[in-house]
Amino acid sequence: MIFDLELIKHVYTHYQDTVNHIRQVIGRPLTLTEKILYAHLAQGEQLKDYKRGVDYVNFAPDRVAMQDATAQMALLQLMNSGRDRVAVPSTVHCDHLIQAYKNAYDDLIIAESNNQEVYQFLRDVSNKYGIGFWKPNAGIIHQVVLENYAFPGGMMIGTDSHTPNAGGLSMIAIGVGGADAVDVMAGMAFELKMPRLIGVKLSGKLSGWASAKDVILKLAGILTVKGGTNSIIEYFGEGTKSLSATGKATICNMGAEVGATTSIFPYDQKSADYLAITGRQDIVDLATKLVDCFNPDLAVLNEPNKYYDQVIEINLSELEPYVNGPFTPDLAYSISQLASAVQQHNYPNNMEVGLIGSCTNSSYEDMSRAASVIDNATKLGLSVKAKLIINPGSEQVKYTALRDGLLDTFEQAGAVVMANACGPCIGQWRRDEVSDEHYNSIVTSFNRNFAKRNDGNANTNAFVCSPEIVAALSIAGTLTFNPLTDTLTNSKGEKVKLPEPVGDELPTNGFAVDDAGYIEPIADGSQVVVNIAQSSERLQALSPFLPWDGKDIVAQPLLIKALGKCTTDHISMAGKWLKYRGHLDNISNNMLIGAVNAFNEQTNFVLDAQTNTYLAVPELARKFKAEGLGSIVVAEENYGEGSSREHAAMEPRFLNVKAIVVKSFARIHETNLKKQGMLALTFVNKEDYDKVQEDDKISILGLTDFTPGKNLTMVLNHRDGNVEAFPVAHTYNEAQISWFKAGSALNKLSAEFKNS
Ligand code: MIC
Ligand code: SF4
């Protein structure tokens, strides 16, 4: 079955004319990104050459996808929006809430029982509002979207930061918070700052141990975790043509790790092959006629420096495998540098667990190449030293890999195959065998490796790499092993070298699946009643946030001044907290518990200056709230990096934090804060961060004249009586200021629906 075929036909009908028109109006050759973005301008939005990195533009995405951990909050907001049916095709995917423990079968039974209430809620709301529902074990959102919904030249948003995965099939796919998704599902536009364009020219061809993943691991080292902020990465050049569609998706997926708004590849034969084998020949027939629309103009290819804001070149023929980490995905070591880095930094060399899967690397090709490494090792008399865990990306990949014997290869070598779900990638991993003091290394084919992310242990050093390198390092059981050059000793005492991985990009016998796990919403959901039990620990109906009181923020205490990296995993941890994603009050108990207090370098231990005692961050915030006080959060660079989870913005809003003042923000998080009616501000002079003291009373002045482009003033009243004042900047436009005044974007939206 092809989803949305009518919609896609509709999108394609005038595509060529639209692109011609855009080129004419803009008056220059177009990049691929520009073709798709401008073809999706919202109704009423003027077609003109928008200033990249400056202008806010309204778009009309074709579809929305949500995963279960973010869908709960998104759908709770949708229920308050005043709308009764989604305006664009939307789906919910149950992938984040299944804990990996024993094996796929047992874990699924436990997940279905533990999460019954949440799954039922998601299903009911999906039925009511006409949303497609992918049940638990159907697969990870981005893999399922790639297999079923992504189409060249389309535009989608998804409540997950790795939504850009669909860029592998030439779709502009952007990760957003739930509030953005609600706008689009409610029939409103999606607002985005016109992104800058980073062109990445790929030449040459991959060979040997190098894989698509290594392109983005290398790029992460070049761009760092904030180098892609407010940018779209567009890949071009001869090298793109040799990469499989799923390999391209891997690269686009992990563009999230450099902060990119999204990433995209041009449409080519590999895209067509993938669409065809996943049952979408009709789309190929249509898209093939529009190849020019789904590729950059020739003039752009000839003079990329003229059309992209930055151009980076990567020669695939010279690419080495990379292993990035620990604790940040941009610490890139090529495999030949890794051994000395391990020694120099004292990373635990004993590699204890290898994990293959996640939305980044769980395609058939990934499984097949990793299985070839294991198979070769077995034939050479080598065993797998580390524990090996596999999470297939979708039921379709799993079913096909099982049919083709790939899963047998893993299992015979001692690997455990878990559910088709996120599992250990998001801390849904019951790793009973190690304590939290245990200093150890793991390698994963995932995309992120922030502290505590996988097993909740701050002493676990997680490294990310390709599935084939995970397999090789798992066989060796050490980080310092370089499969390109080193040998291992087999059961007979012989020194053997692992042959290079080989694999099938696509299954020779096609994909197969018994039950892919999709449930169509009922035609008329108006009678569906969505129940939220008053006593529920997991779900809580949302009460609208209060509107702004019309006053400046005066003399509020500091809640925490965070030191160093403060990702959404630090602000609103996942793992065991995922179960509260539908209950704002309960999940607020994890607010900023992972952030490091700049004054004592401890986590979740902040000064209550009134009583001179130290409390947990949420506890102190609740105390202030109970006393009718607000508070201020101060932090450093790229605050809110990582996930799209809007809980990281809603929790401070709920606990009465008045402003988040940082050196810089990650894109999705900054928008999430604005949407929830929070103040997201940046230091004009980054050194002003140093002036903030633990027992300060902080004011934010200028709100009565809150205007786009005009700085506000932050005043620090130090305990010794000294006062320091300095400017703080913001990026709010008129509409966003109106959200702040209304208390949240949702308040504004529902008021508009009531009045219409
Ligand atoms: C992640 O990889 O961090 C997540 C969990 O998929 C998040 C979404 C979430 O927090 O639910 C993301 O990437 O947006
Ligand atoms: Fe799931 Fe991990 Fe992908 Fe996030 S990054 S969607 S947790 S597999």
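Two residues are in contact when they have heavy atoms within 4.5 Å of each other. Keep that in mind as you explore this predicted model, in which local features need pLDDT of at least 70, side-chain atom pairs count only at pLDDT 80 or more, and totals for chains, interfaces and linings use all residues. Residues are numbered from 1 along each chain as its sequence is written, and side-chain values use heavy atoms, with hydrogens and water left out.

**Overall build**

- The protein chain has 27 helices and 30 strands, which are DSSP runs numbered from the N terminus (helices: H or I, at least four residues; strands: E, at least two).
- The radius of gyration, taken over C-alpha atoms, is 25 Å, close to the 27 Å that the globule rule gives for 756 residues, so the chain is as compact as a globular protein of that length. That rule is 2.2 Å times the number of residues to the power 0.38.
- Along its principal axes, the C-alpha trace spans about 75 × 60 × 55 Å.
- Of contacts between residues at least 6 apart in sequence, 76% join residues at least 24 apart.

**Inside the protein**

- Of the 756 residues, 63% count as buried, meaning under 20% relative accessible area (1.4 Å probe, protein chains only).
- A nonpolar core is a set of buried Ala, Val, Leu, Ile, Met, Phe, Trp, Tyr and Cys residues joined through side-chain atoms within 4.5 Å.
- The largest such core holds 163 residues, and among those that touch the most other members are Y12, L75 and M185. Helix α4 (residues 68-79) gives the most to this core, with seven residues.
- Leaving aside residues up to four places away in sequence, L75 touches M66, V92, L122, V125, I131 and M185.
- A second, separate core of 45 residues includes W209, I374, L407 and A472.

**Helix α27**

- In helix α27 (residues 745-755), the buried residues are A745, L746, N747, L749 and S750.
- Their cover includes α4, α8 (178-185), α24 (667-675) and α26 (734-742).

**The largest pocket**

- On a 1 Å grid over the protein atoms alone, a pocket is an open set of points where a 1.4 Å probe fits, with protein on both sides within 12 Å along at least five of seven lines.
- The largest pocket has a volume of about 900 Å³, volume being the space filled by probe spheres set on the points.
- Its lining (residues with an atom within 4 Å of a point) has 37 residues, and Q99, G427, G575, K576 and W577 are the closest to its centre.
- Helix α5 gives the largest share of the lining, four residues.

Terms used
Chains lettered and ligands numbered in written order. Buried < 20%, exposed > 50% of the residue type's maximum accessible area, 1.4 Å probe, protein only.
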